[in-house]
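Trainee: I would like to work through this structure by question and answer. May we begin with the overall fold and then turn to individual residues?

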Amino acid sequence: NFGMKKFILILSLLTIFFITGCENKRPIIFFSPQPITKENAQYITKVLPLKQRIYYMALVPKGMKKGVYRIQFVKKDEKSEFWGYKYQTHYDFKVEEDGQLFITDYVVLHQKGFYFAQFFNLENINKPLALGEFWVK
């Protein structure tokens, strides 16, 4: 019963976010084991499969400006004393016109662990537009 409530809550929030917009206009990153669409929003999760496609969507409600954007994946190293960081990969995307709302693609990760993704405009790589965290199990 809790699972159904969680499903309805997530679906409701995403429907509101995608269709009517959201008062919070900050960018966000979603993750899913399936391509992300309005129709399968129930599969958005923070626990994802090992060695399989992990689909992501970086959503910018105010729209992106023309330029180059990067999503970077980093693994937190559980073996180090203070949970160090290990760079995994990144992907760059060229936005041709102002106003594009999202970037979506997939990544395949080959190690179990806790990861985070950072989404940047390459004009300012010191300040991520959005951060997202997830587990690969």
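Mentor: The discussion that follows concerns a predicted model.

Trainee: In what order do the elements of the protein run from the N terminus on?

Mentor: The protein contains one helix and eight strands. Read from the N terminus on, the order of these elements is α-β-β-β-β-β-β-β-β.

Trainee: Is Gln72 buried or exposed?

Mentor: Gln72 lies in strand β4, which spans residues 67-77. Its relative accessible area is 19%, and the cut-off for burial is under 20%. Gln72 is therefore buried.

Trainee: Which side chain does the side chain of Gln72 join in a polar contact of 2.8 Å?

Mentor: Leaving aside neighbours within four places in sequence, Gln72 is in contact with several residues, including Tyr87, His90, Phe116 and Gln118. The polar contact of 2.8 Å joins the side chain of Gln72 to that of Gln118.

Trainee: Which backbone nitrogen does the side chain of Asn40 reach?

Mentor: Asn40 lies in the loop between β1 (28-32) and β2 (47-48). Asn40 is buried because its relative accessible area is 13%. Not counting residues up to four places away in sequence, Asn40 touches Gln34 and Pro35. At 2.9 Å, the Asn40 side chain reaches the backbone nitrogen of Thr37.

Conventions: Residues numbered from 1 in each chain as written. Predicted model: local features only at pLDDT ≥ 70, side-chain atom pairs only at ≥ 80, totals over all residues. Heavy atoms only, no water. Helix = DSSP H or I, 4+ residues; strand = E, 2+ residues; numbered from the N terminus. Buried < 20%, exposed > 50% of the residue type's maximum accessible area, 1.4 Å probe, protein only. Polar contact = N/O pair within 3.5 Å; in protein donor to acceptor, adjacent residues only side chain to side chain. Contact = heavy atoms within 4.5 Å.
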